[in-house]
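Please look over the sequence and the model shown here before reading the briefing that follows.

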Amino acid sequence: MFQKVLFYAGEYRRTTYAAAVVLLAAVLCSVVPFLFVYQLIDPLLNHQRLSAGYAAGRIAAIAIFQLLYAVLYVYGLSLSHLAAYHTLENFRISLQGKLEKLPLGAVQEKGIGAVKKMFIDDIESIELLLAHALPEGIANLSIPVFVFAAMFFVDWKLALLSLCSLPFGMGAMMMMYQIGSRDMKNYYAAARRMNNTIVEYINGMEVVKVFNRDRVSYRRFEEDVKRYRDFTLKWYQACWPWMALYNSLIPCVVLFTLPVGGYLVLKGQSELSDLVLVLCMSFGVGAPLLRALSFLSTMPQVNYKIDSLEQMMGAEPIKQSDRPFSGSDHSVSFEHVRFSYKEEEVLHNVSFTVKEGTMTALVGESGSGKSTLAKLLVHFYDVGSGSIQIGGQDIRDMSLEALNQEISYVSQEQFLFNMSLKENIRLGRLDATDEEVLEAARKAQCDEFLARLENGIDTMAGDGGKQLSGGERQRISLARAILKNAPVIVLDEATAFMDPENEEKMNAAIAQVIQDKTVIVIAHRLNSIRNADQICVLEHGNLADAGTHGQLLDRCQAYQRLWQAAEGSARWKVSAGKPDEGKDGAEKDGAGKAGTGKADTGKTDTKQAVHREEKEGKQV
């Protein structure tokens with residue numbers, strides 16, 4: 001375990017060793033005064049007179065060594081903390097590098113709370129091991145071992161008596177570790193569950209309030225917090241008796257030495273001066289020994305945390321190389337692609353090609369695999385089998401940086417950092433000038449809402465972009481894509497949060513962006529993609545058919561169903577009132593009646609159903 005941690009210390013490993021040496025000297029300085037105490041007591045036992053100079057010298061030496069102990073201990077801890085925090089820095093940088101190479105799904109499956117706890121809290125807790133357990137533990141354990149060895153040169157019988165209390169204390173400590181280690185996994189699982197629930201509760205506060213789910217949501221929040229509290233208390237209650245026992249027994253090394261040693265002195269089997277020396281030495285090692293053994297209580301926790309971090313960092317990374325993009329063009333090909341979420345396969349042998357400079361739309365019911373294909377293309381995941389190629393080059397045969405230079409991805413939900421909107425747009429191309437950023441914002445139809453903001457494009461986006469509406473965030477993300485000017489563009493429901501007026505503007509902006517680009521569009525509104533060069537219909541993870549709008553209407557039943565549903569939803573109206581107010585009374589305003597939407601198909605059976613429901617006393 002120490003080797004794992006010291007690996008991340010890098011150049012500060014020597015600082016850790018230096019801290020251990022300094023702390024070793026400090027602990028030695030804390031033990032030496034007891035030898036001077038013995039030198040003050042021993043002449044008195046032998047009925048010798050102490051001179052004032054002799055006593056003053058010993059007292060001064062005790063004070064000097066105590067001062068040295070304080071100075072060296074503080075200096076040693078400063079060195080150990082210096083090394084510890086640089087090691088934590090290396091640890092986090094290493095973890096960040098690993099996270100960037102992991103499939104995004106592998107990170108998301110853990111939950112925000114678990115990742116936050118692992119990335120911040122668990123790594124921070126390793127500081128205890130680095131700054132204290134390693135240097136202090138070694139120093140506080142080495143000196144008692146040396147002192148106990150020296151006792152055997154004084155009197156082996158008294159030395160053995162000094163060791164008699166240790167097995168009892170160690171036994172109590174082992175019992176505590178056994179109980180703690182047994183429930184360690186469940187303890188951290190409860191903590192992760194509580195963290196995830198807290199994050200979910202806070203993020204979903206708006207939905208909770210709107211639908212009056214405060215009681216249900218809070219009950220779950222409260223249950224997980226109480227479950228963690230109860231589990232923690234139960235865990236500590238099981239450990240507390242053993243903890244109290246070993247804290248009492250381990251430092252009390254004179255428990256057997258004093259009574260039994262006194263008996264041996266009375267029987268003439270040991271010398272009184274030797275007993276006093278051993279007692280003084282025992283008093284000197286009690287505190288360091290307890291401090292050293294107390295760090296052992298952190299070992300199971302630290303070991304578990306390191307294993308968890310390494311397990312996370314040890315997950316299979318995204319397959320990539322360090323090669324640049326070398327495709328012959330910017331056509332995109334999906335070749336016999338299969339993909340599974342955990343154990344369930346969600347894409348089954350999907351193959352199609354998007355020619356360079358054309359638009360291909362992916363349509364299908366929710367859960368059919370449209371967004372999954374887009375995320376596979378931008379390499380959020382690795383395909384289970386098959387391949388995805390750009391210009392004939394497998395995306396796994398290039399670096400993520402090279403792939404990202406070739407693709408702009410605009411999804412439904414775009415995260416904005418809590419910095420100015422200008423800097424959020426500039427993420428599309430960091431070397432862009434202010435004029436280029438403003439032009440991208442103009443093309444993305446951002447002018448209207450930017451004009452309403454007091455600071456315009458220099459307005460802060462807020463935490464996660466909360467200062468903007470969903471449609472406004474999407475236009476900022478489109479401005480990023482415009483600024484990036486990548487040859488391949490993936491639009492995943494890019495107008496999902498738009499009202500009809502702004503959607504028209506957004507579509508006009510998109511039309512400018514996608515000129516001469518290879519475009520893949522994911523859309524539920526089929527009217528917006530009916531003129532696409534190719535439409536791929538996905539059904540339950542399979543490619544049902546591919547062709548133009550007219551071709552699919554003629555031959556593809558799955559597309560026909562989608563189109564009919566789209567046409568029906570386009571004629572959907574919200575109505576209120578009673579149908580007996582007129583032939584189309586169900587569509588007129590009614591007084592005091594709750595209204596619901598219905599498709600205005602004009603079919604007789606629909607109207608008859610409305611009348612039947614109204615007669616039965618139901619509201620339509």
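**Salt bridges, a sheet and a helix**

Arg 561 is partly exposed, with 43% relative accessible area (buried is under 20%, exposed over 50%, partly exposed in between; 1.4 Å probe, protein chains only). This is a predicted model, in which local features need pLDDT of at least 70 and side-chain atom pairs count only at pLDDT 80 or more, while totals for chains, interfaces and linings use all residues. Residues are numbered from 1 along each chain as its sequence is written, and side-chain values use heavy atoms, with hydrogens and water left out.

**Salt bridges**

- The side chain of Arg 561 meets that of Glu 539 in a salt bridge at 2.7 Å, N to O (a side-chain nitrogen of Lys or Arg within 4 Å of a carboxyl oxygen of Asp or Glu).
- Glu 539 lies in strand β9 and Arg 561 in helix α23, so the pair ties together parts that are 22 residues apart in sequence (helices are DSSP runs of H or I with at least four residues, strands runs of E with at least two, numbered from the N terminus).
- Asp 394 and Arg 396 also meet in a salt bridge, at 2.9 Å, N to O; Asp 394 counts as buried at 17%, whereas Arg 396 is partly exposed at 24%.
- The structure holds 17 salt bridges, and a network of them links Lys 422, Glu 423, Arg 426, Asp 434 and Asp 458.

**Sheet**

- Four strands form an open antiparallel sheet in the order β2-β1-β4-β5 (strands pair if DSSP finds at least two bridges between them).
- Strands β2 and β5 stand at the edges, each with a single partner strand, so one side of each is left without a neighbour in the sheet.
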